[in-house]
Amino acid sequence: AREPLVLLTPPDAAAGAPRYACTSGDCGFTLPVGASRHRLPCPACGAMVVERRDAAGARLWRCVRDPW
């Protein structure tokens with residue numbers, strides 16, 4: 001089941017950038033505001049696919065459930 005996302009805004013800039021988070025406290029999912037999302041879900045599990053960057057700065061499309 002999909003959980004709705006809420007916008008978390010830190011009290012000041014030193015606390016970090018705004019992020020989207022899952023309303024369920026169990027999953028711990030967060031997504032930076034402005035992150036690129038793929039239109040199609042992950043073929044393995046159906047979760048959201050987002051663009052991330054590796055240490056060298058190369059763009060990678062990864063499932064949000066895939067640990068880094």
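**Figure 1. Overview of the predicted model and its strands.** Helices (H or I, at least four residues) and strands (E, at least two) are DSSP runs, numbered from the N terminus. By this reading the protein has zero helices and five strands, and the order of its elements from the N terminus on is β-β-β-β-β. Residues are numbered from 1 along each chain as its sequence is written, and side-chain values use heavy atoms, with hydrogens and water left out. The model is predicted, with local features needing pLDDT of at least 70 and side-chain atom pairs counting only at pLDDT 80 or more, while totals for chains, interfaces and linings use all residues. Of the 68 residues, 16% count as buried, where buried means under 20% relative accessible area, exposed over 50% and partly exposed in between (1.4 Å probe, protein chains only). The protein exposes about 5200 Å², and carbon and sulfur atoms supply 54% of that area, as computed by the Shrake-Rupley method with a 1.4 Å probe, with only the protein chains shown counting as cover for residues. Among contacts (heavy atoms within 4.5 Å) between residues at least 6 apart in sequence, 8% join residues at least 24 apart.

Figure 2. Two strands pair if DSSP finds at least two bridges between them. Strand β1 and strand β2 (residues 19-22) run antiparallel and are joined by four bridges, and Val6 stands opposite Ala21 of β2. Strand β2 is in turn joined to β3 by three bridges, again in an antiparallel arrangement. In this second pairing Ala21 stands opposite Thr30 of β3. Pro32 also lies in strand β3, and with a relative accessible area of 36% this proline is partly exposed. Apart from residues up to four places away in sequence, Pro32 touches Pro18 and Arg19. The C-alpha atoms of Pro32 and Ala17 are 7.3 Å apart in space, although 15 residues separate the two in sequence.

Figure 3. Strand β4 (residues 49-53) runs antiparallel to strand β5 (residues 59-63), and five bridges join the two. Five residues stand between β4 and β5 in this hairpin, and Gly57, in the turn, has a positive phi of about 95°. Arg53 has Arg59 of β5 as its bridge partner. Glu51 lies in strand β4, and its side chain meets that of Arg59 in a salt bridge at 3.4 Å, N to O. The structure holds one salt bridge, defined as a side-chain nitrogen of Lys or Arg within 4 Å of a carboxyl oxygen of Asp or Glu. Arg59 is exposed, at a relative accessible area of 57%. Leaving aside neighbours within four places in sequence, Glu51 is in contact with Ser36, Arg59, Leu60 and Trp61. Glu51 and Val6, which are 45 residues apart along the chain, have C-alpha atoms separated by 20 Å.

Figure 4. Beyond residues up to four places away in sequence, Ser36 touches Val49, Val50, Glu51 and Trp61. The C-alpha atoms of Ser36 and Val50 are separated by 5.7 Å, while the two residues are 14 apart along the chain. Pro43, found in the loop between β3 (30-32) and β4, is exposed, with a relative accessible area of 84%. Pro43 and Asp66 lie 23 residues apart in sequence, and their C-alpha atoms are 13 Å apart in space.

Figure 5. The largest nonpolar core has nine residues, namely Cys22, Phe29, Leu31, Cys42, Ala47, Val49, Val50, Cys63 and Val64. Such a core is a set of buried Ala, Val, Leu, Ile, Met, Phe, Trp, Tyr and Cys residues joined through side-chain atoms within 4.5 Å. Not counting residues up to four places away in sequence, Phe29 touches Leu5, Tyr20, Ala21, Cys22, Met48 and Val64. Leu5, found in strand β1 (residues 5-8), is partly exposed at 34% relative accessibility. Together with Leu7, Tyr20 and Val33, Leu5 makes a nonpolar surface patch of about 320 Å². Patches are made of residues with over 30% relative accessible area and no salt bridge, like charges being joined within 9 Å and nonpolar side chains (Val, Leu, Ile, Met, Phe, Trp, Tyr) within 5 Å.
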